[in-house]
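Please look over the sequence and the structure before reading on.

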Amino acid sequence: MSTKPPNSRFITFEGIEGSGKTTQIQMLSNHFEERGIDHLLTREPGGTPIGDQIRKLVLNPGNAAMTPTCELLLYAAARAQHIEQVISPALLAGRLVLCDRFKDATMAYQGFGRGIRLDVVDALHGLETLSIQPDLTFLFDIEAGVALLRARTRDHTKSRDETRFEQEALEFHERVRSGYLEMARQEPGRFVVVDARGTVEEVHHRVVEAMDRFLSTRGAPE
């Protein structure tokens, strides 16, 4: 059963490939460490040994034949393990959780991007195990063409077996971006849309400002 306490601090980072979200979540984690703010940094797909094995399957470009439904269910399986083994226990212990991607990514990529009916994706996440919701979501927004160029030309610290989505056509990434923006429009109280253009320091400053506003209402863990 996935639960979280009242006044929890479950923060997710979302965005298309090359939006800079992974760099920014690490920078925010470093910022918290410098300030002595207790937190957990995790990611999806992954976050657990089982989830990391699923990550290799869904992101491997050699699995181009994977169907959208198979992709959807693999992500959901990894998320179920991640929530029960990592996220819920941390939140119940009073920790702030930073997660690189969560269920909004599934709606954006498999729903808006792949064309799976949105009500099907919603119904899947209606399962009790998967029903947990972020308290705050940062959406890093940038033009799809610019982001995709970034993703394809960035340094090689990222494993070459995790590039399947980067190989998708520009039109796919434009659909994903539009989906993200639509979700943000529907839930303005949860989403903070961050302009992902500019230097990493400029974007980080935008994140910290928004994070400070959030913590001023929720309080920071000690």
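The model is a predicted one. Two helix pairs are described, α2 with α3 and α3 with α4.

**Packing of α2 against α3**

- Two packed helices are described by the angle between their axes and the distance between the axes.
- Helix α2 spans residues 49-59 and helix α3 spans residues 68-92; their axes lie 9 Å apart at an angle of about 160°.
- Angles over 145 degrees count as roughly antiparallel, so α2 is roughly antiparallel to α3.
- The crossing of α2 past α3 is left-handed.
- On the α2 side, the contact is formed by Pro-49, Ile-50, Gly-51, Ile-54, Val-58 and Leu-59.
- On the α3 side, the contributing residues are Leu-74, Tyr-75, Ala-77, Ala-78, Gln-81 and Gln-85.
- Sorted by class, this contact of α2 with α3 holds nine nonpolar residues, three polar ones and no charged ones.

- The buried residues of α2 are Gly-51, Ile-54, Arg-55, Val-58 and Leu-59.
- Viewed down the axis of α2, these buried residues fall within an arc of 115°, so they line one face of the helix.
- Pro-49, Gln-53 and Lys-56 are exposed on the other side of α2.
- Strand β2 (39-43) and helix α3 are included in what covers the buried residues of α2.
- Gly-51, Ile-54, Val-58 and Leu-59 are among the buried residues of α2, and they also take part in the contact with α3.
- Pro-49 takes part in the contact with α3 but is exposed.

**Packing of α3 against α4**

- Helix α4 covers residues 103-113, and its axis comes within 11 Å of the α3 axis, with a crossing angle of roughly 175°.
- α3 and α4 are therefore roughly antiparallel to each other.
- Pro-68, Glu-71, Leu-72, Tyr-75 and Arg-79 of α3 meet Lys-103, Thr-106 and Gln-110 of α4.
- By class, the α3 and α4 contact has three nonpolar, two polar and three charged residues.

**Glu-71, a buried acidic residue**

- Glu-71 is part of helix α3.
- The relative accessible area of Glu-71 is 1%; buried means under 20%, so Glu-71 counts as buried.
- Apart from neighbours within four places in sequence, Glu-71 is in contact with Met-66, Gln-110, Arg-114, Arg-164 and Phe-165.

**Backbone features**

- Most residues other than glycine have a negative phi, and most peptide bonds are trans.
- The peptide bond joining Glu-44 and Pro-45 is cis, with omega about -10°.
- Pro-45 sits in the loop between β2 and α2.
- Asn-7 is not a glycine, yet its phi is positive, near 65°.
- Asn-7 lies in the segment before β1 (10-15) and is partly exposed, at 43% relative accessibility.
- Arg-101, also not a glycine, has a positive phi of about 80°.
- Arg-101 lies in the loop between β3 (96-100) and α4 and is buried, with a relative accessible area of 12%.

How values were computed. Residues are numbered from 1 along each chain as its sequence is written. This is a predicted model: local features need pLDDT of at least 70, side-chain atom pairs count only at pLDDT 80 or more; totals for chains, interfaces and linings use all residues. Side-chain values use heavy atoms; hydrogens and water are left out. Axes are lines fitted to C-alpha atoms, for helices over the stretch in contact, and angles run from 0 to 180 degrees between N-to-C directions. Helices (H or I, at least four residues) and strands (E, at least two) are DSSP runs, numbered from the N terminus. Angles under 35 degrees count as roughly parallel, over 145 as roughly antiparallel, 65 to 115 as roughly perpendicular and the rest as oblique. A crossing is left-handed if the near helix is turned anticlockwise from the far one by less than a right angle, and right-handed if clockwise. Contact means heavy atoms within 4.5 Å. Ala, Val, Leu, Ile, Met, Phe, Trp, Tyr, Cys and Pro count as nonpolar, Asp, Glu, Lys and Arg as charged, and the others, Gly among them, as polar. Buried means under 20% relative accessible area, exposed over 50%, partly exposed in between (1.4 Å probe, protein chains only). The arc is that of the directions from the helix axis to the C-beta atoms.
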